[in-house]
Amino acid sequence: MSARGETAEETAKASVPIQAHVIDQPKRKTIINIVYLIATLDITWMFLQFSVTPYLARKLGFDTLWLGYLQTMVGLIQLFGGPMFGRFADIFGARAALSLSCSATIVFFLLLAIASSPAMLFLHKVPTVFMHVLPASQMVVADLSEPDKRADALSKIGLCFGIGMIAGSTLGGQLNTRYGETFTACVGAVGSAFSLLLVLKFIPTTTKAQATRTNKDSENKSKSIFNMGEITRLLKFPGVMRTFVVKIIAGLPSGIFQVMFSIIAMEFFKLKPEQNGYLMAYFGITSMVIQGGVIGRMTARYSEGSLLLLSIGMSSLVGLAQAYMQNVFQFCLTVIPMMFALSTFNVITDSMLTNNVPSSDTGTMLGLCASVQSLLRTVGPTVGGFLYVNYGVSSIGLIQFVMNIAVFVYLLQRHFTKTAEHME
């Protein structure tokens, strides 16, 4: 056989999906279901620690300002850690990525359990640089699902989030009240160890859809985990930069509201801790219903572009309603459209971005998506605090209305322009 024939044969083999040889359809479903379980458990442990850290920080003498510094530190760490972790997942595979993340979570909780000084409380946040179970789970689901069913599959992770939020908040509150912060943190460490066992038992080494690299290429890329050029090159793929910018601009106002919600609930709505707990449960149940039973059906009937327009348009109206709300009952009326807009927006943008890059880069792309959330957590407290103190709650809602309606008009104009070009 000629060299040219061998090259053609190797290229053809490289383009054959790995799943055709390694992961059959029933096994894919099993792996995806296990990933949903791992994601649910991870969210449970994270919300469990939310019932530990604030109370422990108060005991160690933290005031509101230093609690803000603690949150900002986590945001900054994950802002830079997200894309790097995504690159790691693409190069070394799903099992290595999830194992690293679960191991970091174990260390995180063990450091929290022994934290006895402000310095230790800051130190226990360092492992969050590797704690990206959710993006890694999204990568596995994106790799093993068909492109036309990807949005539905990714929305199920939102269902896991709702379940974990309710379970973690309830469990954490009960354990902390009865047994204290140290015991609760140890439960989180044990739970994370169980998640690690699930990863080692059920998650394959790799879930990439195509074997697109030679050994030499893979070796070269393994040296470029911290190469920002390898990460940012994804933004050059058609449609990626535009969707990414839309994700940041349209997501910023709602992100500010989420970051500021605990203060709004306490100072504006005058909610007591147990009332705030009920409201969080309402959020969780609403999110579960929308992401588990609504988004999947809508993605089967409508295009991603149409759903993106719908979510941004609805988000602008939610912002307008929140600008004029006066009490918690009026806010509760906005929760359903708010959660629908937020959930749809996140799922659709993640699906569009992963569909626009090669399968070998879905982890890096989802890492970049996660960095957007970290960016919001980093700048959100500063921007939100300034707006709230100087202009009140209504200013946050009005900014959300203005920014989202501007993005909506821009996307709608592009839609009409493309339609006119096709008609010609």
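The lining of the second largest pocket draws at least two residues from each of α12, α14 and α17. Helices here are DSSP runs (H or I, at least four residues; strands are E, at least two), numbered from the N terminus. About 430 Å³ of space lies in this second largest pocket. Of its 17 lining residues, R242, G305, L308, M352 and K418 are the closest to the centre. α14 is the top contributor to this lining, with five residues. By class, the lining of the second largest pocket has six nonpolar, seven polar and four charged residues. In this scheme Ala, Val, Leu, Ile, Met, Phe, Trp, Tyr, Cys and Pro are nonpolar, Asp, Glu, Lys and Arg are charged, and the others, Gly among them, are polar.

A word on what you are looking at: this is a predicted model, in which local features need pLDDT of at least 70, side-chain atom pairs count only at pLDDT 80 or more, and totals for chains, interfaces and linings use all residues. Residues are numbered from 1 along each chain as its sequence is written, and side-chain values use heavy atoms, with hydrogens and water left out.

On a 1 Å grid over the protein atoms alone, a cavity is a set of points where a 1.4 Å probe fits but cannot get out, whereas a pocket is an open set with protein on both sides within 12 Å along at least five of seven lines; lining residues have an atom within 4 Å of a point. Grid points are joined across faces, edges and corners, and a volume is the space filled by probe spheres set on the points. The count by this rule is two cavities of 30 Å³ or more.

| Cavity | Volume | Top contributor to lining |
|---|---|---|
| Largest | about 130 Å³ | α12, five residues |

The lining of the largest cavity is made of eight nonpolar, seven polar and no charged residues.

The second largest cavity is lined by G82, F85, G86, A89, P135, A136, M139, G363, L366 and G367. Here α4 (64-92), α7 (133-144) and α16 are the elements giving two or more residues. The lining of the second largest cavity divides into six nonpolar, four polar and no charged residues.

Next, helix packing. Two packed helices are described by the angle between their axes and the distance between the axes. Axes are lines fitted to C-alpha atoms, for helices over the stretch in contact, with angles from 0 to 180 degrees between N-to-C directions. Helix α12 (residues 240-268) and helix α16 (residues 362-391) have axes that come within 7 Å and cross at roughly 45 degrees. That makes α12 oblique to α16; angles under 35 degrees count as roughly parallel, over 145 as roughly antiparallel, 65 to 115 as roughly perpendicular and the rest as oblique. The contact of α12 with α16 holds 19 nonpolar, five polar and three charged residues.

For helix α2 (residues 25-50) and helix α5 (residues 94-114), the axes come within 12 Å and cross at roughly 20 degrees. α2 and α5 are therefore roughly parallel to each other.

Finally, the UniProt record (unreviewed entry) lists "transmembrane region" spans including residues 97-123 and 244-265; such annotations may be inferred rather than shown by experiment, and positions are given in the numbering used here, with feature names shortened. Residues 97-123 are 89% helix and 0% strand, with end C-alpha atoms 22 Å apart. Residues 244-265 are 100% helix and 0% strand, and their end C-alpha atoms lie 31 Å apart.
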